[in-house]
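Please take a moment to look over the sequence and the model shown here before reading on. The paragraphs that follow lead from a single residue to the whole chain and back to selected places along it.

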Amino acid sequence: MSRRVVRQSKFRHVFGQAAKADQSYEDIRVSKVTWDSSFCAVNPKFLAIIVEAGGGGAFIVLPLAKTGRVDKNYPLVTGHTAPVLDIDWCPHNDNVIASASDDTTVMVWQIPDYTPMRNITEPIITLEGHSKRVGILCWHPTARNVLLSAGGDNVIIIWNVGTGEVLLSLDDMHPDVIHSVCWNSNGSLLATTCKDKTLRIIDPRKGQVVAERARPHEGARPLRAVFTADGKLLSTGFSRMSERQLALWDPNNFEEPVALQEMDTSNGVLLPFYDPDSSIVYLCGKGDSSIRYFEITDEPPFVHYLNTFSSKEPQRGMGFMPKRGLEVNKCEIARFYKLHERKCEPIIMTVPRKSDLFQDDLYPDTPGPEPALEADEWLAGQDAEPVLISLRDGYIPPKHRELRVTKRNILDVRPPSGPRRSQSASDAPLSQHTLETLLEEIKALREQVQAQEQRITALENMLCELVDGTD
């Protein structure tokens with residue numbers, strides 16, 4: 001008699017749980033713009049949400065600890081002249097965020113650790129190069145200063161934020177509106193989806209399409225795609241019968257998907273959030289009230305359905321916390337920030353374990369905040385995997401680090417290794433005039449010292465004579 005063997009996986013029992021009511025962020029007027037972005041970005045320090053704003057575009061940035069009701073006069077980040085469509089935190093500096101807008105610009109902002117008294121209106125730098133609205137932003141995973149933007153002009157621009165220059169412009173690859181862009185783990189390739197129903201893999205430095213697949217999903221609605229840790233691709237889309245699908249692709253063989261999962265007939269575009277440490281993909285549909293999650297493995301059927309987190313209210317958008325922002329002592333493997341119409345609610349994904357000790361198997365070393373390359377090294381052809389950190393002792397975000405935009409390279413967020421000497425004081429050659437002045441000063445000081453010594457000797461002699469007289 002054959003027994004059904006249950007697949008072994010430490011993630012089979014992952015469960016989602018909404019945070020308690022007092023851990024939510026209340027009274028936030030979430031943007032109503034009809035754009036398929038997540039409207040929310042989060043890192044270990046801050047939560048940023050695109051909000052409704054009169055006379056332009058704005059987003060709000062809250063310290064993670066500032067839960068509860070948000071004051072209606074709480075300062076916003078305002079600078080765009082049209083609605084903000086996408087925001088993304090810099091992976092190498094937790095105080096730096098980029099925003100993209102309908103006004104065709106990208107702005108990069110420095111967020112202070114303290115609560116500002118009034119709206120932040122001055123970006124560190126404004127990046128102008130698109131001719132239509134900019135709807136997608138994505139920082140490079142390993143190179144400092146490198147930011148990608150994609151616009152309604154069907155162009156992808158890769159910027160060096162440290163100098164404000166365009167590094168690369170990919171303007172003849174997409175015949176229609178770009179729906180999603182994703183870097184692979186070391187930032188050497190891009191995966192893009194487009195309104196022309198084609199999934200492309202692009203080498204941005206060579207400016208060429210490496211592989212492409214027309215109509216990976218037959219349906220008419222937008223596609224999304226993300227790279228997995230081993231270089232495969234996960235795509236979400238719709239079947240011809242308008243069923244939502246998740247497909248896994250091997251770029252070396254784009255003919256047939258490695259795996260295909262069909263779900264339901266809801267019409268919300270599925271936003272995939274992939275965690276490379278656990279190989280779990282979470283699918284959040286706009287307008288859905290659920291989060292489905294699947295484990296990706298090397299063995300058939302390759303994509304394994306795990307579970308669905310369901311709640312009563314539909315989501316307007318979703319933020320996904322980087323691994324270094326999670327509570328490892330509670331076996332938390334993912335945290336989402338679900339946007340409602342007037343609030344943001346954390347949703348915590350946990351692996352049930354009895355022990356409070358650090359679980360090595362759940363938390364392999366994960367990308368930390370240090371970049372592996374400078375912008376010009378990446379542009380010159382170098383690749384490097386992310387610099388990993390251990391979460392064994394938890395992660396403490398560094399204090400506020402200034403982002404500087406200069407003509408030379410860099411937005412260097414690393415502190416200088418030693419005391420900096422000023423060029424003018426220490427390395428410049430001394431003039432003849434300066435030498436003579438210094439010698440005269442030394443001579444005058446010596447004469448003063450000699451005069452003081454003579455005065456001391458005279459006083460000592462007088463003291464001796466007085467002592468002898470009294471004897």
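This is a predicted model: local features need pLDDT of at least 70, side-chain atom pairs count only at pLDDT 80 or more; totals for chains, interfaces and linings use all residues.

**A guided walk through the model**

Asp 71 counts as partly exposed, because its relative accessibility is 47%, and a residue is called exposed only over 50% and buried under 20%. Asp 71 sits in the loop that runs between strand E6 (68–69) and strand E7 (77–80). From there to Leu 233 the distance is 42 Å, C-alpha to C-alpha, while the two residues stand 162 residues apart in sequence.

The protein contains three helices and 32 strands. Its radius of gyration is 30 Å, whereas the globule rule gives 23 Å for 471 residues, and because the value is well over that figure the protein is more spread out than a compact globule. The C-alpha trace, followed along its principal axes, spans about 125 × 55 × 50 Å.

How much of the protein is buried? Of the 471 residues, 50% are buried, and the accessible surface comes to about 23,900 Å², with carbon and sulfur atoms accounting for 50% of that area. Among the contacts with a separation of 6 or more, 52% are made between residues 24 or more positions apart.

Residues 171–212 are 52% strand and 0% helix, and here the end C-alpha atoms are 17 Å apart.

Ala 82 falls in the loop between E7 and strand E8 (84–89). This residue is buried, because its relative accessible area is 15%, which is under the 20% limit. Setting aside residues up to four places away in sequence, Ala 82 touches Gly 56, Gly 57, Ser 101, Asp 102 and Asp 103. Between the C-alpha atoms of Ala 82 and Lys 10 there are 46 Å, although the two are 72 residues apart along the chain.

Some places stand out for their backbone geometry. Most peptide bonds are trans, and most residues other than glycine have a negative phi. Pro 300 and Pro 301, however, are joined by a cis peptide bond, with omega at about 0°, and Pro 301 is located in the loop between strand E26 (290–296) and strand E27 (303–310). Phe 302 is found in the loop between E26 and E27, and its phi is positive, near 70°, in a residue other than glycine. With a relative accessibility of 21%, Phe 302 counts as partly exposed. A positive phi of about 65° is also present at Ser 242, which is not a glycine. Ser 242 belongs to the loop between strand E21 (233–238) and strand E22 (244–249), and because its relative accessible area is 42% it is partly exposed.

Two residues within strands complete the walk. Phe 320 lies in strand E28, made of residues 317–320, and is partly exposed, with a relative accessible area of 21%. Apart from residues up to four places away in sequence, Phe 320 touches Val 42, Phe 273, Tyr 274, Asp 275, Tyr 282, Ala 334, Arg 335 and Phe 336. Arg 12 is 308 residues away from Phe 320 in sequence, with 21 Å between their C-alpha atoms.

Is Met 349, in contrast, buried or exposed? Met 349 is placed in strand E30, residues 343–350, and counts as buried, because its relative accessibility is 0%. Leaving out neighbours within four places in sequence, its contacts include Val 14, Phe 15 and Gly 16, as well as Tyr 282, Ile 291, Tyr 293 and Phe 309. Further contacts of Met 349 include Cys 331, Glu 332, Ile 333, Ala 334 and Phe 336. The C-alpha atom of Met 349 is separated by 21 Å from that of Ala 48, a residue 301 residues apart from it along the chain.

Technical notes. Residues are numbered from 1 along each chain as its sequence is written. Side-chain values use heavy atoms; hydrogens and water are left out. Helices (H or I, at least four residues) and strands (E, at least two) are DSSP runs, numbered from the N terminus. The radius of gyration is taken over C-alpha atoms; the globule rule is 2.2 Å times the number of residues to the power 0.38. Buried means under 20% relative accessible area, exposed over 50%, partly exposed in between (1.4 Å probe, protein chains only). Contact means heavy atoms within 4.5 Å. Accessible areas come from the Shrake-Rupley method with a 1.4 Å probe; for residues, only the protein chains shown count as cover.
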